[in-house]
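Dear colleague,

Please find the structure below, handed over for your study. My notes on what was found in it follow.

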Amino acid sequence: MHYDFDLAYIWANTPALLGGLAVTVEVSAISILIAVAIGIVGASVRVLEVPVFSQFVSFYVGFIRNTPLLVQIFFIFFGLPAVGLALPIFTSGVVALAAWGGAYNVENVRGGFLAVPKGLHEAARALGLKPAHYILLVAIPVGLRVAIPSVLNTAVSVLKNSAYLQSIGLAELTFVAMEKVAKEFRTLEMFAAIGVLYLVLVLILSWLVRRLEHVLQRPFRVR
Amino acid sequence: MQLILDNLGLFAAGLGWTFRLAVVTLLISTAVAAIIGTLSVTRSRALRVIALVYVEVFRDIPLLVNALFVFFGAPLVGIPLEPFAAATVSFSLWGSANGAEIVRGGFNAVPPHQRESAVALGLRPWQIYCFVLAPQALLPMLPPFAGLFTLLVQATSLASLVGVGEFFRIGQIVIERTTMMSGHSPAFVIYGGLLVTYYLICSVLTAGTRRLERRIARRTERPTSARALVPQESV
C-alpha cells in the first residue's frame, strides 16, 4: 500500500505539539521533584529503621513496583472519587507519577545511604549526632552523590511514563498527537514526530546524567 | 465483593490473556534479544551501532507510544494487525531491547581472561562465542530475564488501550457495565482489586527472581548477576 509521508504536516502542527510537550515537561518536572523528596524521606526512614514507618515504606515500595502504573493511574483518577477524593486530571497525574517515581527513588537513595562508609557512621555516633543530624550532615552529602545517577535514571523513566497520562485525558504530548490522528489520520507523521521528541528529550536527559556523574566524581579523582 | 464473584469467569479469562500475552512476548523477546545483544558485543563497529540504535529507540520511546504506533500505524503500511498481534509485536520490540541489554550485561560479566585464553588456544571467533563465552554468560542472564517477565506481565495492561481483552480491560468492562446498570461506579473496588491481584502475582515472581539470583550467585561464587549491569526499566 502506498502512503505519502507529509513532512509539511508535521511542520504545520508544531505549535500544537510544542503545547503538548510543555504539559509533558511540566507534569514530569513537578512529579520528579516530589519523587525525589519522597525518595529522600523514605530512604531516611528505612535506613534509620524507624518502627512502623519503615515497614510501611517497604510495603509502599513493593506495592508500586509490583503493580502496573496504568492501573495505578486509573485507580487514582477513577477509583478515589468513590471515597470522596476527586482530584483534577493534572493533580491525579502528578500524584500517580510522583508516587511511582518516589517508590523507585526510595530504593535508589537507600542504595546511596548504604554506600556511606561505615567509619563515617561510627564517627557520627561517637560525636553524639542525633539520627536526624546524621542523615542531614553525613548521609545526604555523602550518600546522595552516589545515588544521583540512579535517581536521574528514574527521572528519565518518569518523563517517559508521563505518556500514560493520555489515557485519563491529560493534554500532554501523546494525547495531542492521538487527537490529531483521530481527526486527520496522519498517523505515521504524528508518531514519527512524537517519537523523535521523546527520543530527543530522553537522550538529552541521559546525556546530562552522564555529564553529572563525571562532575560528581571529580572530588574523588586522583590527579 | 458480590460483583467480583459474579464476574469471576470474566476475570479468569482476562488473566489468561494477560499471561498468554506475557509468555508469547517473553519468548519472542528472548530470541530477538539474543541476536541484538550478541551484535552489541561483536568486534564490528557497524553491527554495534545497529544494536545500539535498536536498543535506544525502543527503550527511550514510551512503551505506550510504541503500542499505539504499532496498532494504528501498521494498517497504513499494508499490514493490519489484530489487537493481540499488535500488542505482541510492540511489547516484543520493547522487551527485546531490554533483553539485549541483559545479554550484553551477561557477556560483559564474563572475565576478560576467558576470551584471551580462548584466543591463545587458537579458537575461531564463533567457537569462542559458542563454547567459551555464551555458556558462562547464560547463567547470570537468567534472573534479569525473570525480572523482565515480571515487567512484561505489568506491561500487558497497556494492551487494553489497543483493545486486547486482558485482565485490566476486563476490569474496565465490568466497571462500565455495572455503572450503566446500577448507576453507581464500582471503580474503587474493581481497580483496587486489580491492583491487589497484580501485586500478588508480581510479588511472587519478584521473590522467585531473588531466589534464583541467590542460588546462581552461590553456585558460581563470583558476582555474576547481570542485573547490576542493566539499568532499571519499568512500566
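Two residues are taken to be in contact if their C-beta atoms, placed from the backbone, lie within 7 Å. Please keep in mind that this is a predicted model.

By that criterion, the contact between the chains takes 38 residues from chain A and 34 residues from chain B. On the side of chain A that touches chain B, at least two residues each are supplied by helix H3 (53-65), helix H4 (69-79), helix H7 (131-161), helix H8 (173-184) and helix H9 (187-216) of chain A. The largest share, nine residues, comes from H9(A). Sorted by class, this side of chain A has 25 nonpolar, twelve polar and one charged residues.

At 1.5 Å a residue, its twelve residues should span 16 Å; the end C-alpha atoms of H8(A) are 17 Å apart, which agrees. Which residues of H8(A) are buried? They are A:Leu173, A:Thr174, A:Val176, A:Ala177, A:Met178 and A:Lys180. These buried residues pack against helix H2 (14-47) and H9 of chain A, together with helix H4 (63-73) of chain B.

Just after H8(A) comes A:Phe185, with a positive phi of about 60°, although A:Phe185 is not a glycine. For context, most residues other than glycine have a negative phi. A:Phe185 is found in the loop between H8 and H9 of chain A. Is A:Phe185 buried or exposed? A residue counts as exposed if 12 or fewer other C-beta atoms lie within 10 Å of its own; A:Phe185 has 12 such neighbours and therefore counts as exposed.

A:Val52 is another residue other than glycine with a positive phi, here near 65°. Its place is in the loop between H2 and H3 of chain A. A:Val52 is exposed because 8 other C-beta atoms lie within 10 Å.

Chain B has a helix H8 as well, covering residues 167-182. At 1.5 Å a residue, the 16 residues of H8(B) should span 22 Å, and its end C-alpha atoms are 22 Å apart, which agrees. Buried in H8(B) are B:Phe167, B:Phe168, B:Arg169, B:Ile170, B:Gly171, B:Val174 and B:Ile175. Just after H8(B), B:Gly183 takes a positive phi of about 90°.

With kind regards

Methods:
Residues numbered from 1 in each chain as written. Chains lettered and ligands numbered in written order. Predicted model: local features only at pLDDT ≥ 70, side-chain atom pairs only at ≥ 80, totals over all residues. Helix = DSSP H or I, 4+ residues; strand = E, 2+ residues; numbered from the N terminus. Expected span 1.5 Å × (residues − 1). Buried ≥ 20, exposed ≤ 12 C-beta atoms within 10 Å, placed from the backbone. Nonpolar A, V, L, I, M, F, W, Y, C, P; charged D, E, K, R; others polar.
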